[in-house]
Amino acid sequence: MKTQALYAGILVAALGFTACDEDYTDWAAPQSNAQQDPSAALQLEIGAASTDAIDRETCADTVDLVSVVSMVQAPAGSSAILSTLTVNGSYTVPCTMQKGVARVAVAQLDSVVRLAYNSLQRTERTLSISATGTIVTPSGQALRAASNEVSATYLQVAPPATEQAYYILGDFCGWTAEAALPMQDLGNGVFQCEFSATKDSWFKILPQSGIVNGGVDWGAVLGSSVDGDTSTDTFVTWSGAQAFKVGEGDYRLTIDMVNWTYSLRTVSPELYMTGSAYKWGSTPEDWLPLVPVYDHKGEFWKIVYLTAGDEFKFAPQRGWGGDFGADQLTIVDHAGAALSGTGNVVVGQSGWYLLYVDASNKVLETYKPEVYLIGNTVGAWELKPENCLNVPEGKDGDFLSNPLSADGELRMCVHPKDDIDWWKMEFIILNGEIVYRGSGPDQERVNAGAGQVVSLNFTTGKGSVK
């Protein structure tokens with residue numbers, strides 16, 4: 001449901017290749033248009049022009065990739081003209097013919113390999129190559145032709161070695177080594193940081209080796225191949241690095257320095273939901289606020305009742321703008337809600353659900369609406385199924401606990417993800433209202449007594465302990 005555009009500047013090769021700009025997706029992107037029935041085309045038999053690996057570091061600017069071996073069922077004296085080669089069944093690269101051999105610009109082939117594997121890592125890539133073209137008969141008739149597949153091996157240029165630490169230099173933090181913003185090491189060569197920009201800002205990436213005697217070695221700084229690059233997904237370059245650019249907002253930047261990929265996501269402090277059950281946001285009150293997950297910026301949750309046939313979307317404010325639905329979301333349905341849709345998210349199965357939304361990466365997950373009591377009132381500081389509240393049948397019903405086993409502070413939470421501590425999705429009842437911790441500090445404590453029953457109504461937001 002997501003469309004991602006990755007691009008890098010490439011050199012234009014000679015030998016009659018058409019010039020192309022830095023956005024090479026016109027000729028290299030996965031082919032999505034309906035193709036003609038292959039049975040209507042004559043068949044070309046092709047072979048690999050060489051069994052040697054194509055090494056970007058040592059090869060010429062152009063290489064012979066495939067050769068025409070035969071033209072099946074073509075009239076005697078026919079000739080084959082190939083115009084494009086297809087790589088891994090999805091990506092195309094232009095070619096020219098010389099004496100029955102198809103030649104490609106290595107810079108263009110390299111760009112296709114980047115897209116196909118989303119990586120700049122220097123490792124042997126086995127490419128599956130097929131051809132489309134034209135067979136010209138002696139009478140001058142042009143017949144469409146398709147081919148078998150052959151294999152070729154390709155090696156990209158070796159990037160610099162992955163380092164132990166990376167930093168951000170930029171308008172929002174500073175352009176000195178001392179002011180550089182450190183990135184968190186997530187393991188396996190992946191680094192991440194969050195930052196805020198109050199205006200249009202430029203920034204670059206500083207590897208640890210680029211800090212020399214307390215200063216910045218600008219020759220070691222990393223960035224984009226395009227100055228002022230506003231991409232959300234692209235590659236990091238180490239040669240002639242230019243600055244990335246962002247507008248005002250909060251961001252999460254992730255770099256994979258094994259594959260040299262760059263991913264930038266906006267981080268919204270708020271998220272709202274509206275839809276057919278909420279008058280489609282006709283007033284600000286018709287936007288249902290989701291609860292931030294503590295210490296997980298851009299991630300939210302909410303327990304809601306969904307009715308089959310209902311439709312809904314999300315937005316970062318109580319109003320339209322920046323809204324997103326099924327087209328932008330990756331939906332992971334753990335609870336059987338049978339969500340679908342092409343624009344709005346459409347509900348397939350009625351019931352209570354816990355929605356978990358990663359607004360930065362546009363992921364929507366559904367879970368069972370399990371609400372846990374924890375602590376002294378239930379005699380356990382671990383989450384136990386027997387301490388879950390009972391789920392009501394309909395939208396207006398209350399979630400009810402079993403009678404509390406002891407006096408103590410009332411502690412409640414949801415816990416859909418094992419890697420998120422329970423208190424990061426905690427809430428309490430204050431003055432008859434369900435009050436969520438969200439991204440705020442530790443909450444005020446509320447005491448409850450043995451034998452009392454907790455009642456929560458997630459439709460009205462009311463709660464009680466009686």
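Colleague: Starting with Asn431, is that residue buried or exposed?
Modeller: Asn431 counts as exposed, because its relative accessibility is 81%, where exposed means over 50% relative accessible area, buried means under 20%, and partly exposed lies in between, using a 1.4 Å probe and protein chains only. This is a predicted model, in which local features need pLDDT of at least 70 and side-chain atom pairs count only at pLDDT 80 or more, while totals for chains, interfaces and linings use all residues. Residues are numbered from 1 along each chain as its sequence is written, and side-chain values use heavy atoms, with hydrogens and water left out.

Colleague: Where does Asn431 sit, and what is its phi?
Modeller: Asn431 is found in the loop between β35 (426–430) and β36 (433–436), and although it is not a glycine, it has a positive phi of about 50°. Lys99, in the loop between β6 (96–98) and β7, is not a glycine either and has a positive phi of about 55°. Lys99 also counts as exposed, because its relative accessibility is 87%.

Colleague: Let's zoom out: how many helices and strands does the protein have?
Modeller: The protein has two helices and 39 strands, where helices (H or I, at least four residues) and strands (E, at least two) are DSSP runs numbered from the N terminus. The protein is more spread out than a compact globule, because its radius of gyration is 29 Å, well over the 23 Å that the globule rule gives for 466 residues. That radius is taken over C-alpha atoms, and the rule is 2.2 Å times the number of residues to the power 0.38. Along the principal axes, the C-alpha atoms fill a box of roughly 95 × 65 × 40 Å.

Colleague: And what share of the residues counts as buried?
Modeller: Of the 466 residues, 46% count as buried.

Colleague: Which residues have the most contacts inside the largest nonpolar core?
Modeller: They are Leu65, Val66, Leu82, Leu85, Val104 and Ile129, in a core of 30 residues. A nonpolar core here is a set of buried Ala, Val, Leu, Ile, Met, Phe, Trp, Tyr and Cys residues joined through side-chain atoms within 4.5 Å. Among the elements that give two or more residues to this core are β3 (62–72), β4 (79–87), α2 (106–117) and β8 (125–136), and the largest share, five residues, comes from α2. Apart from this core lies another, of 27 residues, among them Ile303, Val371, Phe427 and Phe458. As a general point, nonpolar side chains in soluble globular proteins tend to be buried together.

Colleague: Why is strand β21 largely enclosed?
Modeller: Strand β21 (residues 261–266) has five of its six residues buried, so it is largely enclosed by the rest of the structure. Strands pair if DSSP finds at least two bridges between them. Strand β18 (residues 233–235) runs antiparallel to β21 and is joined to it by three bridges, with Tyr262 in β21 as the bridge partner of Thr234. Strand β20 (residues 249–256) is also antiparallel to β21, over six bridges, and there Leu253 has Leu264 as its bridge partner.

Colleague: What about the open sheet, in what order do its strands come?
Modeller: The five strands come in the order β24-β25-β29-β30-β27, with mixed pairing. At the edges stand β24 (291–292) and β27 (330–333), each with a single partner strand, so one side of each is left without a neighbour in the sheet. Within the sheet, β25 (residues 299–306) and β29 (residues 351–358) pair in the antiparallel sense over eight bridges, and Lys302 stands opposite Leu355 in β29.

Colleague: Changing topic, how many aromatic pairs are there?
Modeller: The structure holds 22 aromatic pairs, where rings of Phe, Tyr and Trp (its six-membered ring) pair if their centres lie within 6.5 Å, and planes under 30 degrees apart count as stacked, over 60 as edge-to-face and the rest as tilted. The pair of Trp175 and Trp218 is tilted, because the planes are at 35°, with the ring centres 6.3 Å apart. Trp175 lies in the loop between β11 (166–170) and β12, and Trp218 in the loop between β17 (215–216) and β18, 43 residues apart.

Colleague: How accessible are Trp175 and Trp218?
Modeller: Trp175 is partly exposed at 30% relative accessibility, and Trp218 is partly exposed with a relative accessible area of 45%.
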